[in-house]
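Me: I would like to go through this model and ask, term by term, what each label rests on. Please set the value against the cut-off each time.

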Amino acid sequence: WEGAERYAAALAAYTAPEPLPWSEFFVARTQALARYGRGERTAELKVELRALHAQAERAGLSVAAPALREALARL
C-alpha cells in the first residue's frame, strides 16, 4: 500500500499546478483503497468508497469500478 500511496502522491504533486478531475479521482481512489487494504472498516470509508464508485460509473471509468465494488462488497 505504501507504493500505491507513493504513486498517488506523485500524481497529485505533478498535477497540482493544473488539477484535473481524472487525476483527483484516481488519487482519492488509491488513498481510499489503501485505507481499506490496511484494514480500515469505518462508516466514513464506506461512504467515500460509495461516492468514488458512483463517480466512476458516471464518468464511464469502468476500469476503476471493480476494485471499489469489491471493497464495498466486503465492508
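This is a predicted model: local features need pLDDT of at least 70, side-chain atom pairs count only at pLDDT 80 or more; totals for chains, interfaces and linings use all residues.

Me: How do the axes of α2 and α3 lie, and what is the handedness of the crossing?

Reply: The axes of α2 and α3 come within 10 Å and cross at roughly 145°. The crossing of α2 and α3 is left-handed. On the α2 side the contact is made by Phe25, Ala28, Arg29, Ala32, Leu33, Arg35 and Tyr36, and on the α3 side by Glu44, Leu45, Glu48, Leu49, Leu52, Gln55 and Ala56. Sorted by class, the residues of the contact of α2 with α3 come to nine nonpolar, one polar and four charged.

**Overall form**

Me: Which secondary structure elements does the protein have, and in what order?

Reply: There are four helices and zero strands. From the N terminus on, the order is α-α-α-α.

Me: How do you know that the radius of gyration agrees with a compact globule?

Reply: For 75 residues, a compact globule would have a radius of gyration near 11 Å; the protein has 12 Å, so the value agrees. Along its principal axes the C-alpha trace spans about 35 × 30 × 20 Å.

Me: What share of the residues counts as buried, and what share of the contacts joins residues at least 24 apart?

Reply: Of the 75 residues, 31% count as buried; the cut-off is under 20% relative accessible area. Among contacts between residues at least 6 apart in sequence, 51% join residues at least 24 apart.

**The nonpolar core**

Me: What makes a set of residues a nonpolar core, and how many residues does the largest one have?

Reply: The members must be buried residues of the listed nonpolar kinds, joined through side-chain atoms within 4.5 Å. The largest such core has 15 residues, and those with the most contacts inside it are Phe25, Leu49, Ala56, Leu61, Ala64 and Leu68. Two or more residues come from each of α2, α3 and α4. The most come from α2, with five residues. In soluble globular proteins, nonpolar side chains tend to be buried together.

Me: Which residues does Phe25 contact, leaving aside its neighbours within four places in sequence?

Reply: Phe25 is in contact with Leu52, Gln55, Ala56, Leu61, Ala64 and Leu68, once neighbours within four places in sequence are left aside.

Me: Why is Thr30 called buried?

Reply: Thr30 has 18% relative accessibility, and buried means under 20%, so Thr30 counts as buried. Thr30 is in helix α2. Leaving aside neighbours within four places in sequence, Thr30 is in contact with Ala4, Glu5 and Ala8. Thr30 and Tyr7 are 23 residues apart in sequence and 8.9 Å apart in space, C-alpha to C-alpha.

Me: Why is Lys46 called partly exposed?

Reply: The value for Lys46 is 26% relative accessibility; this falls between the 20% and 50% cut-offs, so the label is partly exposed. Lys46 lies in helix α3 (residues 43–59). Beyond its neighbours within four places in sequence, Lys46 is in contact with Leu72 and Leu75. C-alpha to C-alpha, Lys46 and Tyr36 are 9.2 Å apart in space and 10 residues apart in sequence.

Me: What makes Gln55 partly exposed?

Reply: Its relative accessible area is 30%, between the 20% and 50% cut-offs, so Gln55 is partly exposed. Gln55 is found in helix α3. Gln55 and Glu40 are 15 residues apart in sequence, and their C-alpha atoms are 21 Å apart in space.

Me: How do you know that Gly60 is exposed?

Reply: Gly60 has a relative accessible area of 57%, and exposed means over 50%, so Gly60 is exposed. Gly60 lies in the loop between α3 and α4.

Note on methods
Residues are numbered from 1 along each chain as its sequence is written. Side-chain values use heavy atoms; hydrogens and water are left out. Buried means under 20% relative accessible area, exposed over 50%, partly exposed in between (1.4 Å probe, protein chains only). Contact means heavy atoms within 4.5 Å. The radius of gyration is taken over C-alpha atoms; the globule rule is 2.2 Å times the number of residues to the power 0.38. Axes are lines fitted to C-alpha atoms, for helices over the stretch in contact, and angles run from 0 to 180 degrees between N-to-C directions. A crossing is left-handed if the near helix is turned anticlockwise from the far one by less than a right angle, and right-handed if clockwise. Ala, Val, Leu, Ile, Met, Phe, Trp, Tyr, Cys and Pro count as nonpolar, Asp, Glu, Lys and Arg as charged, and the others, Gly among them, as polar.
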